[in-house]
Amino acid sequence: MYRRIVRLDDADEVADVVARRLLVRIVELQEKRGVVHICLTGGDTANQMYERFAALVPDSELDASKLQLWWGDERFVPATDESRNSLQAVTRLARTVSIKSADIHMMPAQDGRADSHQCAAEYETELGDTAFDITLLGIGKDGHVGSIFPGHPSFASTSRSVIGVTDAPKPPSDRISLTIPALNRSDEVWFIATGASKADAVARSLAGDEELPAAHVQAKEAIYWFLDADAAHELPAPYICAL
C-alpha cells in the first residue's frame, strides 16, 4: 500500500488542494471505470473543500451521472438538523453538481425511527458489498475516525459494515458509522486534518498506535494525508512529502 503525507500551509490551502485533486481524480476514474463511488466526511475543512469543489465543477469534465455519494458516519438527528454531515455536504455540492437523489446515499435520520442500530442495519443493506474508489476521512484529536472512538464499544472488533453508536463521547451521543472493515474496502483513503489539536493524533496514528481507530484504517491501493502545518508539526521530517 502506497502512503503519502502532504504538508500544506493552512486549512485554506488544504481545502483548495484537496478539492482540485479530488476533482481531477474522479474524472480520471470515470474515464477508466465509469461509475465512481465516493465516501464523504464531515467537518469544517471538508465543508470548505466541498465549496471549492463545487466552484470548480462547471469548468471540468465531471459526469455527475457516474457519481455515487456515500457517508462514513452521521449524527442520528432529524433530517433537517443542520449538524448532519450529509446535509452540509449536499447543500454545498448541489450548487453545481447535478446528481440524482437516488445516487446520494444519505444515512437514515432520526425522524420517527426506533434507534440508530436499526437504521445502521438498513444502511448496511443499502451499502451491500460496495467498495469505495475514494474515502475521505477526518481525524479527531482523540484519534477517532467516522464515529469510531478509542476506548469505546464502537471500536470493538466486528464483521459488520455499519453500526449504530450510542453514548458517544462526542455529542450528539447517538450516531451511525461505517466500521473499520468497511472503510478498509476503499481503494484510496484521503485523510484531511488541520489544526494543532490534531497533531498528536496524527503523529500517533502514522506511527501505528493501535489504541487509535485512525491507525487501523487501511486502503487497497493508497492512503494520503493532507495536513496543514499545525496538524503536521509533531511529525518527523522524513514523513513529509513535497506537494
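The model is a predicted one, in which local features need pLDDT of at least 70 and side-chain atom pairs count only at pLDDT 80 or more, while totals for chains, interfaces and linings use all residues. Residues are numbered from 1 along each chain as its sequence is written, and side-chain values use heavy atoms, with hydrogens and water left out.

**Entry 1: the largest pocket**

I looked up which residues lie nearest the centre of the largest pocket. They are Gly42, Gly43, Ile139, Lys170 and Lys198, out of 27 lining residues. The volume of this pocket is about 590 Å³, a volume being the space filled by probe spheres set on grid points that are joined across faces, edges and corners. Two or more lining residues come from each of α2, β4 (73-75), α3 (85-93) and β8 (188-193). I note that helices (H or I, at least four residues) and strands (E, at least two) are DSSP runs, numbered from the N terminus. With 4 residues, α2 gives the most to the lining of the pocket. I sorted the lining by class and got 6 nonpolar, 13 polar and 8 charged residues. In this sorting Ala, Val, Leu, Ile, Met, Phe, Trp, Tyr, Cys and Pro are nonpolar, Asp, Glu, Lys and Arg are charged, and the others, Gly among them, are polar.

**Entry 2: the cavity**

How many cavities of 30 Å³ or more does a search of the whole structure find? I found 1. The largest cavity holds about 80 Å³ of space. Its lining includes Leu22, Ile26, Met49, Tyr50 and Phe53. The elements that give two or more residues to this lining are α1 (11-33), β2 (36-40), α2 (44-56) and β3 (67-71). Here too I looked for the main contributor: α2 gives the most to the cavity lining, with 3 residues. The class count for the cavity is 11 nonpolar, no polar and no charged.

I traced an open sheet of 6 strands in the order β1-β9-β8-β5-β2-β3, with parallel pairing. Two strands pair if DSSP finds at least two bridges between them. β1 (2-8) and β3 are the edge strands, each pairing on one side only. On average, neighbouring strands of the sheet are turned by 15° against each other, direction ignored. The pairing of β2 with β3 is parallel and runs over 5 bridges. His37 has Gln68 in β3 as its bridge partner.

Next I looked at α3, which lies across β2 and β3 and runs at about 150° to β3. Axes are lines fitted to C-alpha atoms, for helices over the stretch in contact, and angles run from 0 to 180 degrees between N-to-C directions. Of the 9 residues of α3, 7 are buried, so this helix is largely enclosed by the rest of the structure. Buried means under 20% relative accessible area, exposed over 50%, and partly exposed in between (1.4 Å probe, protein chains only). Among the buried residues of α3 are Asn85, Gln88 and Arg92. The cover over the buried residues of α3 includes β2, α2, β3 and β4, where contact means heavy atoms within 4.5 Å.

**Entry 3: the loop between β6 and β7**

I checked the backbone here. The peptide bond from Pro171 to Pro172 is cis, with omega near -5°. Pro172 sits in the loop between β6 (162-165) and β7 (175-178). Asp167 is found in the loop between β6 and β7. Asp167 is not a glycine, yet has a positive phi of about 55°. Is Asp167 buried or exposed? It is exposed, with a relative accessible area of 61%.

**Entry 4: two buried residues**

Thr179 lies in the loop between β7 and α5 (180-183) and counts as buried at 2% relative accessibility. Leaving out residues up to four places away in sequence, I list Ile148, Thr158, Arg160, Ser161, Val162 and Ile163 as touching Thr179.

Ala203 lies in helix α6 (residues 199-206) and counts as buried at 15% relative accessibility. With the neighbours up to four places away left out, Ala203 touches Glu234 and Leu235. Ala203 and Glu234 are 31 residues apart in sequence and 6.1 Å apart in space, C-alpha to C-alpha.

Note on methods: On a 1 Å grid over the protein atoms alone, a cavity is a set of points where a 1.4 Å probe fits but cannot get out, and a pocket is an open set with protein on both sides within 12 Å along at least five of seven lines; lining residues have an atom within 4 Å of a point.
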